[in-house]
Amino acid sequence: MDSNLIARVDAALGNGVEALVRAHHRRRLRRVGWQAVFDPSDSLWADGDPPPRPGNGVEIMIDGANALLRIAAELARAESHVHIAGWYLSPDFALVREDERLVLRDLLAELAGRVEVRVLLWAGAPLPLFHPSRSEVREVRDRLRTAGVRVALDSRERPLHCHHEKLVVVDDRVATVGGIDLTTFSGDRFDSNAHPYRGSLGWHDAAALVRGPVVADVAEHFRLRWREVTGEELPGTDVPEPAAEHQLQLVQTIPEKIYARVPRGQFRILEAYVRALRSAERLVYLESQFLWSPEIVQILADKLRRPPSDDFRLVVVLPSHPKSGNDDSRGQVGALAAADAGAGRFLACALYCRDGARKSPIYVHAKVGIVDDGWLTLGSANLNEHSLFNDTEVNLVSRDAGLARETRERLWAEHLELPLEEIRGRDPVELVDERWKPIAEEQLQRRDRGDPLTHRLVRLPGASRRVRRLLGPLQGLVVDG
């Protein structure tokens, strides 16, 4: 069949399926009283509770080698309790790997000898065809319990979905929120900003460490889920004293009808993204494991078709398909490229580590959104139906221009392989046009010719098929971690 005909059929089917999905989501949210998620608003905060909290300190930790060391250090300082919520956890996962190796089970066992340690995990896939399975997670539970850790498994998921957030709370004084699972399942999360070639999948990720009043919101989210799963009412959380000057808001996805205390659910991550992306004037920068959401893509495509300014740019960093090197976005990269129509406002990239002629994908697992260097979100939520409608998720939102710009500059220095000083203060649109685009295009051509890569960035040409979203629920169950 002619490739143009295939593309036209794929686009027509994709448009039809995506319209049905969007209509279904709107009906569903209307039934549970969340239809206002899609309404226009001048606010870039999500409505409702918890509200934005002033007085917080925040440290953005990019990649596992940085984040895991900080998490280990904060855990070691625990004085009253440690609460961990995760998609999955590997007891033998090493948080510290230089000098003396420190694995998670040993650290939690030491802590359990002097403080309360609670771990809340997704119960696993109910069908043993998918992983982690129920039995695999029960094995983790049993190993942690022998170390004195209290473990609960949450099976109150929507069918073919999961509990996906990655939280650590220490003494209700400090917490981490982000995308980093404490596991080697499907890939070793311990990777550095330099992403050296290691003969296996590289891993790019991010998390935030926070102090101050927002920690009480993170702790309360854990408290809610622990009570729903175990029936145990944990002591109330005292709101910490102000730690710095950042205003932060905790936003969640909680599907309706899975927890008695939240019967209508929470869809505030979707609300936050919809409001911020609609407000974009000059720059949208996204890092995500998945770019599958038809609601998000529709907003971005509208921005490209009717750009709010002549120099509007949309840059997305996504995983490449491990075998083909192309995107695995269910056709959404191609849809955005079509909306751009050659105007040069859209760029999608993958990341690779390399060693001479050898190369390996860097799996983009970070979940970061930055709009106009004035709005930032970071957490566990991907840009797919799982994270925005069906899994439990937790993100942080900031409207601090300094934090948003600094985070983008640090990420861009890493991806462009440049010193931070060469990024800091530069106009982001100029950097996209003068650095991102030429590098990514050259590396795509080198990859296609079979030449060794000379840089980390490779343009994603938008080759996946939109009709693949018909496999969405099953595929999402397999790869949602």
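**Strand pairing, salt bridges and surface patches**

E287 stands opposite V368 in β17. The model is predicted: local features require pLDDT of at least 70 and side-chain atom pairs count only at pLDDT 80 or more, while totals for chains, interfaces and linings use all residues. Residues are numbered from 1 along each chain as its sequence is written, and side-chain values use heavy atoms, with hydrogens and water left out. Helices (H or I, at least four residues) and strands (E, at least two) are DSSP runs numbered from the N terminus; two strands pair if DSSP finds at least two bridges between them.

Strand β13 (residues 283-287) runs antiparallel to β17, and four bridges join the two. Strand β17 also pairs in the antiparallel sense with strand β18 (residues 375-379), again over four bridges. In this second pairing, V371 is placed opposite W375 of β18. The hairpin of β17 and β18 has three residues between the strands, and D372 takes a positive phi near 55 degrees there. In a regular strand the side chains alternate between the two faces of the sheet. Within β17 (residues 368-371), V368 and I370 point one way, G369 and V371 point the other way, and all are buried. Buried denotes under 20% relative accessible area, exposed over 50%, and partly exposed the range in between (1.4 Å probe, protein chains only).

The structure holds 43 salt bridges, each defined as a side-chain nitrogen of Lys or Arg within 4 Å of a carboxyl oxygen of Asp or Glu. In one of them, R28 is joined to E256, with 2.9 Å between the closest N and O atoms. R28 lies in helix α1 and E256 in the loop between β11 (246-254) and β12 (266-267), so the pair ties together parts that are 228 residues apart in sequence. R28 is buried at 3% relative accessibility, and E256 is buried at 8%.

A further salt bridge is formed by the side chains of E110 and R114 (3.0 Å, N to O). Here E110 is partly exposed, with 42% relative accessibility, and R114 is partly exposed with 41%. The side chains of R261 and E233 also meet in a salt bridge (3.8 Å, N to O). This pair links distant parts of the chain, 28 residues apart: R261 is in the loop between β11 and β12, and E233 is in the loop between α5 (214-230) and β11. R261 is exposed, since its relative accessible area is 53%, whereas E233 is partly exposed at 45%. Salt bridges with shared partners join E59, R70, E74, R77, D171, R173 and R211 into one network.

Surface patches consist of residues with over 30% relative accessible area and no salt bridge; like charges are joined within 9 Å and nonpolar side chains (Val, Leu, Ile, Met, Phe, Trp, Tyr) within 5 Å. Accessible areas come from the Shrake-Rupley method with a 1.4 Å probe, and for residues only the protein chains shown count as cover. Lys and Arg count as positive and Asp and Glu as negative, with His and the chain ends not counted. The place of a charge is taken as NZ of Lys, CZ of Arg, CG of Asp or CD of Glu.

A positive patch is made up of R26, R27, R30, R31, K257 and R278. Helix α1 (residues 3-31) supplies the largest share of this patch, four residues. R26 is located in helix α1 and is partly exposed at 38% relative accessibility. A nonpolar patch of about 230 Å² is formed by L5, V9 and L13. L13 is likewise found in helix α1, and its 47% relative accessibility makes it partly exposed.
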